[in-house]
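Work through the exercises below with the structure open. Try each task before reading its solution.

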Amino acid sequence: MSTPEKARVEPDDEPVVATVDELKPLYRQMLAIRRLEEASAKAYSQGKIGGFLHLIIGQEAVCVGATAALRPDDYVVATYRDHGHAYAKGISARAMMAELYGKKTGLVKGLGGSMHFFDKGKGFLGGHGIVGGHVPIAAGAAFAAKYRGDGRVALCFFGEGASTIGGFAEGLALAALWKLPVVLICENNQYSMGTPLYRSLAVEDVSMRALAHGMARDRFDGDDVLKVKQRIAIAVERARETNEPTLVEVITYRFRGHSMSDPGLYRTKEEVEEWRRRDPLNRTRVRLEELGMPAADLEALEADVKAEIEDAVHFAETSPPADEYFPYVIKE
Ligand SMILES: Cc1ncc(C[n+]2csc(CCOP(=O)(O)OP(=O)(O)O)c2C)c(N)n1
């Protein structure tokens, strides 16, 4: 476990030991999420997508690495910045893009939009717009798993801004008290909308909150997707084997504004450039080259992702609009 004193975690010099086979599927997922979000940003600026759109560009290694540590039947509960988590949980680019476009073929029939992705069958329990409000929902999913004894684990993702919210405190307290198989993952991208860490947190180390509850904790930088997978796997195993929850803080950075309407003027160009140099996507590509993945294979993978996202955009554009009425009959 890392030391708590420093808010900022510098990247490790040494990446974790990796093989091409291990890293390749993670790179593919990260790249697909990046391309899907770039395509959605373009469609948004063309007026084809409405409402809010929060992009995770720059943070992809966290949701991809963490979700790779799960069993397919485990749960993921996320915030409004949920595209990467949904894709990593197995939701198709088509269903996501059609949802963003407000089309009938979308993941939730075009009625939820970017912030409200949900797929019960895949264990993706939202997409939640209320900051911190989903932490007790994740605790509840973990409670159900423990009650049923089915060995499932819930991953709950949230930003550092959520750690100042009542729902977070309640979810954390219950997870510890009732020993729930949940891993609470703070994706600390260092800004809550335009508010930097130092203006919102008296103690910038969010993982320290675990200590008040006798809960296990971890804290590390989120640039290396395989490191994220390995560290989250420790917490997932703890949850599955012993029902002990863990609070994990992963230091990361979003390259864009909070949402599409935020130009992000509260950050210097130098700061953004410094983090872009640490881009987890490029880092993973370079690592694959170093590990000996042939250039032709990398290019084929990238062409495959490009085709997948182009197909998703075409599917969304040619799908019928969402029905204008409610309710739908909810079927089991
Ligand atoms: C209870 C509540 N208060 C305020 C908001 C408005 N709001 C939306 S996102 C956000 C910032 C949250 O920042 P953080 O938790 O760090 O997550 P990030 O957006 O950085 O991923 C705020 C204040 C909200 N959605 N819900």
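**Exercise 1. Burial of a helix**

Determine how many residues of helix α4 (residues 93-100) are buried, and name what covers them.

Solution. Start with the cut-offs: a residue is buried if 20 or more other C-beta atoms lie within 10 Å of its own, exposed if 12 or fewer, and partly exposed in between, with C-beta atoms placed from the backbone. Helices are DSSP runs of H or I with at least four residues, strands are runs of E with at least two, and both are numbered from the N terminus. The model is predicted: local features need pLDDT of at least 70, side-chain atom pairs count only at pLDDT 80 or more, and totals for chains, interfaces and linings use all residues. Residues are numbered from 1 along each chain as its sequence is written.

Now count. Eight of the eight residues of α4 are buried, so the helix is largely enclosed by the rest of the structure. Charged residues Arg-94 and Glu-99 are among the buried ones. The cover includes α1, α3 (83-88) and α11 (295-318). After α4 comes Gly-102, with a positive phi near 70°.

**Exercise 2. A helix pair**

Describe how α1 (residues 20-45) packs on α2 (residues 60-67).

Solution. Take the geometry first. The angle is about 135° and the axes are 10 Å apart. Axes are lines fitted to C-alpha atoms, for helices over the stretch in contact; angles run from 0 to 180 degrees between N-to-C directions. That makes α1 oblique to α2, given these classes: under 35 degrees is roughly parallel, over 145 roughly antiparallel, 65 to 115 roughly perpendicular, and the rest oblique.

Next, list the contacts (C-beta atoms, placed from the backbone, within 7 Å). Leu-26, Gln-29, Met-30, Ile-33 and Arg-34 of α1 meet Glu-60, Ala-61, Val-64 and Gly-65 of α2. By class, this contact has five nonpolar, two polar and two charged residues. Nonpolar covers Ala, Val, Leu, Ile, Met, Phe, Trp, Tyr, Cys and Pro; charged covers Asp, Glu, Lys and Arg; the others, Gly among them, are polar.

**Exercise 3. The ligand shell**

Find how many residues surround the ligand, and which strands supply at least two each.

Solution. Count the shell: 16 residues. The closest are Val-131, Gly-159, Gly-161, Ala-162 and Ser-192. Near means a C-beta atom, placed from the backbone, within 6 Å. Strands β2 (154-159) and β4 (191-192) each supply at least two shell residues. Sort by class: seven are nonpolar, seven polar and two charged.

Definitions and conventions:
Two residues are in contact if their C-beta atoms, placed from the backbone, lie within 7 Å.
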